[in-house]
Amino acid sequence: MENQFKLATNLNLVDQITVKWQAPSNIALVKYWGKHGMQLPANPSISFTLDACRTITTVKATKGDHGFTISYDGVPKPDFAPKIEAYFKRILDYCPWIAQYHFDIDTHNTFPHSSGIASSASSMAVLSACVTDMESQFTGTDMDFHKASFLARLGSGSACRSLQGQAVVWGKHDEVTGSSDLFGVDKSDYLHPTFQQYHDTILLVDKGEKVVSSTVGHELMNGHAFAKARFSQAHENLSQLKQALKDGDVETFIKITESEALTLHAMMMTSHPYFILMKPKTLSIIEEIWAFRKETGVPVCFTLDAGANVHMLYPHENKEAVDELINSKLAQYCQNGHYICDQIGTGAKKC
Ligand code: PMV
């Protein structure tokens with residue numbers, strides 16, 4: 001299976017090549033939590049691709065001894081190096097030509113580093129887009145987005161959902177054609193018009209570093225008392241969500257999305273060691289959203305990552321009402337009143 005991404009064709013290597021791409025973050029609706037082997041998911045997940053939260057990366061490859069430099073806006077960032085070194089090692093089998101190049105990588109995030117928003121999805125996706133683009137130029141073939149997603153997965157699991165499409169499924173699911181544990185597949189065609197312009201406003205409750213790294217987090221599912229039930233629930237939730245997305249069924253969408261967020265946190269609260277990643281303000285926001293939804297009927301809901309920040313998801317037509325809710329009630333729960341307005345996007349793009 002993995003072999004489909006090994007190079008069979010001859011390469012036309014050049015002395016120097018520079019490419020520049022941008023890739024967005026994504027927000028999972030059915031969550032990936034638990035992995036095995038080489039970054040293989042314990043259950044399938046589906047996400048909305050974001051737009052405003054992006055990483056923009058330029059890679060210059062020069063023929064010579066393998067090595068790399070990494071900078072952020074031109075300033076060297078040696079603390080980013082271990083992750084990139086591990087990434088290059090993992091992709092070497094699939095892109096052996098990288099051994100013949102030195103890479104100068106410069107990167108920039110459109111969202112602040114200290115926002116508590118993980119940049120691993122967008123940064124690994126964009127780096128993989130750059131590598132795959134170079135390879136397609138060496139082979140004289142079209143850019144292979146599945147390979148880019150496959151490589152991104154080796155860098156950071158959820159990054160494989162940031163390459164192509166407004167909605168992406170990663171992980172084998174019986175009812176999702178073409179789905180694979182190895183890469184994300186574009187399922188934009190699932191989206192009823194209601195979901196094609198969805199908004200995600202990220203309320204920044206805690207801008208600090210993650211309390212639980214993803215590596216530690218996924219490990220918590222090994223031997224977790226509820227693991228088996230959780231993994232099969234994710235399959236069931238994905239089946240139901242797929243239908244809801246197709247039907248424009250916002251009610252079912254809300255039910256599954258919020259339940260998935262709380263289940264992710266429930267898994268963390270019931271693992272060993274156990275963690276509470278929500279903050280009191282996270283709960284206050286959730287209660288405000290529920291009260292507002294009940295009172296007004298506006299179909300706004302929340303989801304959470306492995307942290308305290310709240311993603312508010314809602315249709316475009318309700319933007320004004322939700323803005324009013326944020327200004328009057330929710331901004332006060334955010335650190336320094338900060339939140340990020342994002343919406344559904346289409347994936348990685350060449351700059
Ligand atoms: O891609 P990772 O290893 O950082 O894991 C991401 C896990 C969650 O964000 C909590 C869920 C998901 O599916 O994105």
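**Figure 1. The protein chain is divided into two domains, domain 1 (2–188) and domain 2 (193–343).** Welcome to this predicted model. Where the domains meet, 31 residues of domain 1 are in contact with 42 residues of domain 2.

**Figure 2. Domain 1 and domain 2 bury about 3,100 Å² between them.** Of this area, 66% is on carbon and sulfur atoms. Three residues to look for here are Leu29, Lys31 and Trp33, which supply 26% of the area that domain 1 buries against domain 2, more than any other three residues.

**Figure 3. Strands β1 (16–30) and β4 (45–63) each give two or more residues to the side of domain 1 that touches domain 2.** Which of these elements gives the most? The answer is β4, with eight residues. Sorted by class, this side of domain 1 has 17 nonpolar, nine polar and five charged residues.

**Figure 4. Glu260 and Arg230 form a salt bridge.** Let us now turn to individual pairs. The count for this model comes to six salt bridges, and in this one the closest N and O atoms are 2.8 Å apart. Glu260 belongs to helix α7 (residues 250–269) and Arg230 to helix α6 (residues 227–247), so the pair links distant parts of the chain, 30 residues apart. Are the two partners buried or exposed? Glu260 is buried, with a relative accessible area of 0%, and Arg230 is buried too, at 4%.

**Figure 5. Glu258 forms a salt bridge with Arg293.** The closest N and O atoms of this pair are 2.8 Å apart. Because Glu258 lies in helix α7 and Arg293 in helix α8 (residues 280–296), the pair ties together parts that are 35 residues apart in sequence. Glu258 is buried, with a relative accessible area of 7%.

**Figure 6. The side chains of Asp323 and Lys319 meet in a salt bridge.** The N to O distance here is 3.0 Å. Both residues are in helix α9 (residues 319–330), and because they are four residues apart, about one helical turn separates them. Asp323 counts as partly exposed at 25% relative accessibility, and Lys319 is partly exposed with a relative accessible area of 26%. As a friendly reminder, side chains of opposite charge can pair when their charged atoms come close.

How values were computed. Residues numbered from 1 in each chain as written. Predicted model: local features only at pLDDT ≥ 70, side-chain atom pairs only at ≥ 80, totals over all residues. Heavy atoms only, no water. Domains from an automatic or database assignment. Contact = heavy atoms within 4.5 Å. Buried area = accessible area lost by both parts, 1.4 Å probe. Nonpolar A, V, L, I, M, F, W, Y, C, P; charged D, E, K, R; others polar. Salt bridge = Lys/Arg side-chain N within 4 Å of Asp/Glu carboxyl O. Buried < 20%, exposed > 50% of the residue type's maximum accessible area, 1.4 Å probe, protein only.
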